[in-house]
Amino acid sequence: MGKSVAGFDWLTILIYLLLVGFGWANIYSASLAESHTSFFEFNQIYSKQGLWIILSFLLIIILLSIEAKFYQRFSSVIYAISLLSLAGLFVFGSTIAGQTAWYQIGPISIQPAEFAKAATALAVAKYLSGIQTNIKDFKHQLRVFLIIGLPMILVLLQPDAGSAMVYFSFAFALYREGLHFAYLLLGFFAATLFVATLAFGPAWVIGSVLLIAVLVYLKNLKRRPNLLKYLFFAAVAIGFSLSVNYVFENVFKQHHRDRFNIVLGKEVDSRGIGYNTNQSEIAIGSGGLFGKGWTEGTQTKGHFVPEQHTDYIFSTVGEEWGFLGSTFILGLFVMLMLRLLYLAERQRSTFTRVYGYGVIGIIFMHFLVNIGMVIGIFPTVGIPLPFLSYGGSGLWAFTILLFIFIKLDSDRMSF
């Protein structure tokens, strides 16, 4: 490790330290009890997070000390272990808040779904970097979809819809390596149809689909377009729209339906399922330009926002640090993702580049969904804000995810 210290990307490491440090400061404020007397009360949430941060530094030393090629050579083994850890939850896991997602080891709870994301990123990178792999080949597409889909299904069965949704972020890596844009367009179109059907009803959506299909067909009439192709896509879209209500009512759980209805404005529930989001919006809005000051947030000190130190940590940032502090945090995340994009693109190794895009996609998905959830433009699905939210499993998992890439990047010339 000593010879290659200069090769580590210290800008990325600095951003990591700033995010983790700022995260701890906000966890301290969000979990501060009136009776606290010391920073070192180890029964307090902020003290536990501080311990996880210290242990993360030891973990970083280990990750950066391991030979870079180890991660490529043993990626399949790491992936297999992650699948076993997810499957084992249904036998040995602890159920908390209706989710069987944790292993309870004494006072410590470990959530394997967080670590499985890094393992899946390694497995996807290993498969796509194979000499015989061609992502444009349908057979290889099915295989990589299976690699992504297996942990996703196991997480969904816990049930943890938020963590399962993160696996769609691997589309970034697949698209970079040559997956046809039609897949991304199809996914976006399906999501748009789903939300539009819930918001406006199937009749309006079917009418819009038919109108768009007719207009596009008439526009291309001089090119003699295939009418059957247009009819097929219109029929599939209409069939999908007609199935939305059935899926929504029979597959989604009640709390998921409630959250979607609140975001779509079909229900107003400021005291029930929408209480968290409502209080979070109040907290962020009350921060103004400069914020109320660290530990001085009235919403935060009054503990009006449930789970504020975990999924809703950004509401503490908004209230106590204001618009400027929130912009600073958002800027750090943007800088981190742009830096990782630059590092990924300079790689000589396909394995490292694909893994780098996996890292970017996972961080971006968590960032986008968490911030959207906290400000009320996305349903509450319960995924943490990377490096800021409370939780040992989350912090360690994102640390592993990021520093494996930092190590791979530092040895990029040897691949």
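The model on your screen is predicted, with local features needing pLDDT of at least 70 and side-chain atom pairs pLDDT 80 or more, while totals for chains, interfaces and linings use all residues. Residues are numbered from 1 along each chain as its sequence is written, and side-chain values use heavy atoms, leaving out hydrogens and water.

Next select residues 10–30, helix α1, and residues 45–65, helix α2, whose axes come within 9 Å and cross at roughly 165 degrees (axes are lines fitted to C-alpha atoms over the stretch in contact, with angles from 0 to 180 degrees between N-to-C directions). The two helices are therefore roughly antiparallel. Where they meet, look for Tyr-16, Trp-24 and Tyr-28, among others in α1, and for Ile-45, Ile-53 and Phe-57, among others in α2.

Now move to the largest nonpolar core, where Phe-333, Tyr-355, Ile-363 and Phe-387 touch the most other members out of 91 residues. Such a core is a set of buried Ala, Val, Leu, Ile, Met, Phe, Trp, Tyr and Cys residues joined through side-chain atoms within 4.5 Å, where buried means under 20% relative accessible area with a 1.4 Å probe, protein chains only. Helix α16 (residues 350–374) supplies its largest share, 14 residues.

Finally, select Ile-363, which, leaving aside neighbours within four places in sequence, is in contact (heavy atoms within 4.5 Å) with residues including Phe-333, Pro-386 and Leu-401.

Note on methods. Buried < 20%, exposed > 50% of the residue type's maximum accessible area, 1.4 Å probe, protein only. Helix = DSSP H or I, 4+ residues; strand = E, 2+ residues; numbered from the N terminus. Parallel < 35°, antiparallel > 145°, perpendicular 65-115°, else oblique.
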